[in-house]
Amino acid sequence: MRDAQRRAAYGRAIFLVAYLVFAVLPIYWMLNMSFKSNEEIVSTLSLWPNDFTLDHYKTIFTDASWYSGYVNSMIYVAMNTVISITVALPAAYAFSRYRFIGDKHVFFWLLTNRMTPPAVFLLPFFQLYTTIGLMDTHLGVALAHLVFNVPLAVWILEGFMSGVPREIDETAYVDGYSFPRFFLTIFLPLIKAGVGVAAFFCFMFSWVELLLARTLTSVNAKPIVATMTRTVSASGMDWGVLAAAGVLTIVPGGIVIWFVRHYIAKGFAMGRV
Amino acid sequence: MSTLKPVNQKAWLLVIPVVLCVAFSAILPLMTIVNYSVQDIISPERRVFVGTEWFRTVLRDGELHDALLRQLGFSLAVLAVEIPLGILLALSMPAKGWKASAVLVVIALSLLIPWNVVGTIWQIFGRTDIGLLGAALAGLGFDYNYTGSAVDAWVTVLVMDVWHWTPLVALLCYAGLRAIPDAYYQAAQIDGASRLAVFRYIQLPKLRGVLMIAVLLRFMDSFMIYTEPFVLTGGGPGNATTFLSQYLTQKAVGQFDLGPAAAFSIVYFLIILLMCFVLYNWMQRAGTAGSAGSEDMPHA
């Protein structure tokens with residue numbers, strides 16, 4: 001029995017390591033490319049840059065059209081994540097705790113907003129945002145991304161909230177807690193994991209979305225993903241700068257996941273309640 | 001636990017902000033699309049009402065049927081690979097300590113890369129002359145060429161999607177697993193339950209909620225996949241990797257057929273809606289059957 005358990009543990013470890021290698025290799029290849037000259041990238045296969053260069057990174061950090069892309073992206077992504085979580089928290093609580101007229105319909109309607117194929121919807125979005133004067137603003141992109149992030153946040157949070165027994169709410173109300181005080185001091189800490197996961201997904205989907213962000217911006221709020229589509233120069237594709245920019249797009253998200261990892265890893269302390 | 005939730009109409013007050021936020025960007029564009037779909041737009045000033053003509057055209061379009069079949073095959077393959085792999089991955093990930101943190105961060109990396117960059121990375125990665133994957137496959141004696149062979153292209157897009165999105169399933173399941181109280185595992189240990197039984201009667205029922213999110217998200221997102229295959233293969237060779245979104249974009253942007261493209265969008269949307277509805281109800285039923293099973297589990 002113990003042998004079988006140990007073998008199973010070894011099996012899981014080997015599987016995990018194999019997957020991690022698979023996960024990292026393409027990213028390693030991008031990192032590798034970002035330190036090579038363009039000639040080396042397109043001419044030879046090398047596991048390690050033959051002549052190591054930081055030129056591509058220098059291009060990005062010294063050219064405003066490049067680094068402002070990162071700043072713009074971060075501004076609208078942060079705005080979007082904060083708005084999404086703020087409006088989704090009370091709604092998810094309502095869905096997980098009460099029945100009310102149209103609850104199931106509204107919940108499903110929210111989800112359907114994630115199901116609209118973007119290509120043709122771009123034009124009406126463009127017209128709408130031009131009309132209300134939000135074209136090329138950070139707020140405009142943040143609002144547009146709410147369409148797919150808010151439903152997701154509500155959905156994830158509702159799942160986590162439904163896992164918390166209702167007796168907790170009832171006890172708190174009996175003890176004389178008001179709703180806001182109960183929600184902020186007792187309930188929120190219990191679903192930290194859910195908030196962490198939801199915030200991470202909102203950040204991620206907003207960060208990597210290309211079509212809407214590119215359509216709704218031109219100069220002032222132009223995101224990094226749109227800047228990256230324009231690396232084709234006279235001498236062909238600028239692979240090195242593209243790779244360096246790609247490496248840099250992972251960094252902010254990496255920091256975010258580092259901060260929420262505890263929420264994801266700890267789960268919520270239901271066992272102790 | 002399963003007592004009915006109380007009825008409370010005031011709960012609407014908590015939902016209104018969400019409805020406003022989403023409706024702001026959802027209702028008007030949808031209405032515009034419906035408007036386009038029943039008109040022939042010759043120029044911005046000249047429009048003719050054509051009724052259901054575009055819908056009939058779209059439904060009879062043979063190329064569309066092919067694209068739809070390719071899309072269904074691709075999405076089902078995505079689910080068949082990514083869901084089991086994601087669950088397995090979540091079960092294999094360490095529960096705590098620095099290893100757990102490190103694994104979480106590494107696993108999440110692929111999700112954070114913009115979609116056009118994902119396509120670009122794999123475009124290079126898969127080339128036999130300058131890419132690691134292509135060179136390795138060629139070195140092993142495979143005649144691998146994702147730009148020439150339809151099968152290779154399809155498999156490359158699938159592997160890219162697995163690489164890109166399995167972490168989403170794994171992260172959701174991992175968070176779900178961490179939410180299971182230790183008491184459940186202790187009870188199972190006392191009962192002498194096998195690992196498989198623990199998975200079947202404790203972990204799987206508790207993962208139902210997150211798995212539902214994972215399956216539906218992966219289904220709808222893979223059904224609308226556009227940027228990655230567009231960058232990687234451009235839909236080729238031939239039409240092998242031209243999925244629905246790309247076919248739609250060719251119609252809308254390439255030929256400026258706004259009316260038919262809008263009708264197509266609506267049909268597309270309805271297909272996703274229908275599939276999600278079926279999946280949702282099926283999983284809900286399977287889920288209740290599963291948790292009923294867990295109640296049968298002999299407790300000490």
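Author: The dialogue below sets values against definitions. This is a predicted model, in which local features need pLDDT of at least 70, side-chain atom pairs count only at pLDDT 80 or more, and totals for chains, interfaces and linings use all residues. Residues are numbered from 1 along each chain as its sequence is written, while chains are lettered from A and ligands numbered from 1 in the order in which they are written.

Reader: What is the confidence in chain A, and where is it lowest and highest among the elements?

Author: pLDDT is the predictor's confidence in each residue, on a scale from 0 to 100. Its average over chain A is 84, and 93% of the residues score at least 70. Two residues are in contact if their C-beta atoms, placed from the backbone, lie within 7 Å.

Reader: Why does the span of helix α6 of chain A agree with expectation?

Author: The expected span is 1.5 Å times one less than the number of residues. Helix α6 (residues 118-131) of chain A has 14 residues and should therefore span 20 Å; its end C-alpha atoms are 20 Å apart, which agrees. Helix α10 (residues 192-208) of chain A, with 17 residues, should span 24 Å, and its end C-alpha atoms are 24 Å apart, so here too the value agrees.

Reader: What makes B:Val18 count as buried?

Author: A residue is buried if 20 or more other C-beta atoms lie within 10 Å of its own, exposed if 12 or fewer, and partly exposed in between, with C-beta atoms placed from the backbone. B:Val18 has 25 C-beta neighbours inside 10 Å and therefore counts as buried. This residue belongs to helix α1 of chain B. Leaving aside neighbours within four places in sequence, B:Val18 is in contact with A:Val87, A:Ala88, A:Ala91, A:Leu110, A:Val150 and A:Val154.

Reader: Why is A:Asp136 called partly exposed, and why is B:Gln186 called exposed?

Author: A:Asp136 has 17 other C-beta atoms within 10 Å, so it is partly exposed. A:Asp136 is placed in the loop between α6 and α7 of chain A, and its phi is near 60 degrees, a positive value in a residue other than glycine. B:Gln186, in helix α8 (residues 182-191) of chain B, has 12 other C-beta atoms within 10 Å and is therefore exposed.

Reader: What makes α10(A) largely enclosed?

Author: Of its 17 residues, 16 are buried, so α10(A) is largely enclosed by the rest of the structure.

Reader: Which residues have the most contacts inside the largest nonpolar core?

Author: A nonpolar core is a set of buried Ala, Val, Leu, Ile, Met, Phe, Trp, Tyr and Cys residues joined through C-beta atoms within 7 Å. The largest has 159 residues, and A:Ala88, A:Val154, A:Leu157 and B:Cys173 have the most contacts inside it. Helix α7 (residues 138-162) of chain A gives the most to this core, with 16 residues. Beyond neighbours within four places in sequence, the contacts of A:Ala88 include A:Val150, A:Ala198 and B:Val18.

Reader: How many residues does each chain bring to the contact between them, and how do those of chain B divide?

Author: Chain A brings 81 residues and chain B brings 79. On the side of chain B that touches chain A, helix α1 (residues 11-37) of chain B gives the most, with 16 residues. The residues of that side divide into 59 nonpolar, 14 polar and 6 charged. Here Ala, Val, Leu, Ile, Met, Phe, Trp, Tyr, Cys and Pro count as nonpolar, Asp, Glu, Lys and Arg as charged, and the others, Gly among them, as polar.

How values were computed
Helices (H or I, at least four residues) and strands (E, at least two) are DSSP runs, numbered from the N terminus.
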